[in-house]
Amino acid sequence: MARKKIREYDSKRLLKEHFKRIAGRELPLKSAQITESTDFNELLEKETWLSTSKLVVKPDMLFGKRGKSGLVALNLDFAQVVTFVKERLGKEVEMGGCKGPITTFIVEPFIPHNEEFYINIVSDRLGNSISFSECGGIDIEENWDKVKTIFVPTGASLTPDVSAPLVATLPLEIKSEIEDFIKSVFALFQDLDFTFLEINPFALVDGKPYPLDMRGELDDIAAFKNFKKWGNIEFPMPFGRVMSPTEK
């Protein structure tokens, strides 16, 4: 198993493209990617929702704590997104002791919400750990005592009995919806050979789970069997690392 991080844009693209096949319903995610080569007029023509929605914009650079670092802008129109990006594109920042330029952003609809939930799935050679909390968001670490975790051995199924501890304290009116979402995300995790997947947070929009922030890693050894499912996937360099002349 070789874990390779992918951008949030690609994590959400894979989730959206395959969710209906796995779960039997659409997941209405929308997102757009902005890089140094992006033509903003062409992007607006391709993704028309950008001109009619309030938006969120943030770097998509394989580092976390973007909100706490002031790198997430909320409730903007497209012109404000363009200004935000142009002011930061190519500028060097330091995150976790690593320095590097911001080269890629993700833009999404701004989703007003009240509650924030957390799900994390990690694989190892013996199986998969699934963690869930009803206290997700940027303060998840401060609320780690509220995170519940189960282990699903390799070859075992995520049955209602197995997943019950994760959702035991949820209100009845949202319990089944979130339990079904966890089951679907886990099935997709296995189907696409993810090795790590975190949605923090996801919210409820019209009673349905909606991912807001997402991180993913794929097993690139499985690329030979997944190239059609993954599509044009990118495995970026870790933030702050520069390719050597030999690697180039």
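Quick housekeeping. This is a predicted model, so local features need pLDDT of at least 70 and side-chain atom pairs count only at pLDDT 80 or more, while totals for chains, interfaces and linings use all residues. Residues are numbered from 1 along each chain as its sequence is written, and side-chain values use heavy atoms, with hydrogens and water left out.

Back to Asp-10. Asp-10 lies in helix α1. Helices here are DSSP runs of H or I with at least four residues, strands are runs of E with at least two, and both are numbered from the N terminus. What does Asp-10 touch, not counting residues up to four places away in sequence? Asn-232, Ile-233 and Glu-234. Contact, by the way, means heavy atoms within 4.5 Å.

Now stay with that helix. Two packed helices are described by the angle between their axes and the distance between the axes. Helix α1, residues 8–23, packs against helix α5, residues 172–191, at an angle of about 110°, and their axes are 10 Å apart. The axes are lines fitted to C-alpha atoms, for helices over the stretch in contact, and the angles run from 0 to 180 degrees between N-to-C directions. That makes α1 roughly perpendicular to α5. The cut-offs: under 35 degrees is roughly parallel, over 145 roughly antiparallel, 65 to 115 roughly perpendicular, and the rest oblique.

Who makes the contact? On the α1 side, Leu-14, Leu-15, His-18, Phe-19, Arg-21, Ile-22 and Ala-23, and on the α5 side, Phe-181, Ser-184, Ala-187, Leu-188 and Asp-191. These residues divide into eight nonpolar, two polar and two charged.

On to the rings. Rings of Phe, Tyr and Trp (its six-membered ring) pair if their centres lie within 6.5 Å; planes under 30 degrees apart are stacked, over 60 edge-to-face, and the rest tilted. How many aromatic pairs does that rule give? The count comes to twelve. Take Phe-181 and Phe-202: their ring centres are 5.0 Å apart and their planes are at 50°, so the pair is tilted. This pair links distant parts of the chain, with Phe-181 in helix α5 and Phe-202 in strand β11 (residues 194–205), 21 residues apart. Phe-181 is buried, because its relative accessible area is 2%, and Phe-202 is buried at 0%. Then there's Phe-189 with Phe-194, a stacked pair at 6.2 Å centre to centre and 20° between the planes. Both Phe-189 and Phe-194 are buried. Ring pairs also link Phe-19, Phe-117, Phe-132, Phe-181 and Phe-202 into a cluster.

While we're in β11, have a look at Pro-201, which is found in that strand. A cis peptide bond joins Asn-200 and Pro-201, with omega about 5°.

Buried or exposed, what is Asp-193? At 16% relative accessibility, Asp-193 counts as buried. Asn-75, in strand β4 (residues 73–76), has a phi near 60° as well. Asn-75 is partly exposed, though, because its relative accessible area is 39%.

Ile-130 lies in strand β9, residues 127–133, and is buried at 0% relative accessible area. Ile-150 lies in strand β10, residues 148–153, and is buried at 9%. Ile-130 is in contact with Ile-150, and other contacts of Ile-130 include Ile-182 and Phe-186. From Ile-150 to Leu-166, it's 16 residues in sequence and 7.3 Å in space, C-alpha to C-alpha. Ile-150 touches Leu-166 too.

Methods. Ala, Val, Leu, Ile, Met, Phe, Trp, Tyr, Cys and Pro count as nonpolar, Asp, Glu, Lys and Arg as charged, and the others, Gly among them, as polar. Buried means under 20% relative accessible area, exposed over 50%, partly exposed in between (1.4 Å probe, protein chains only).
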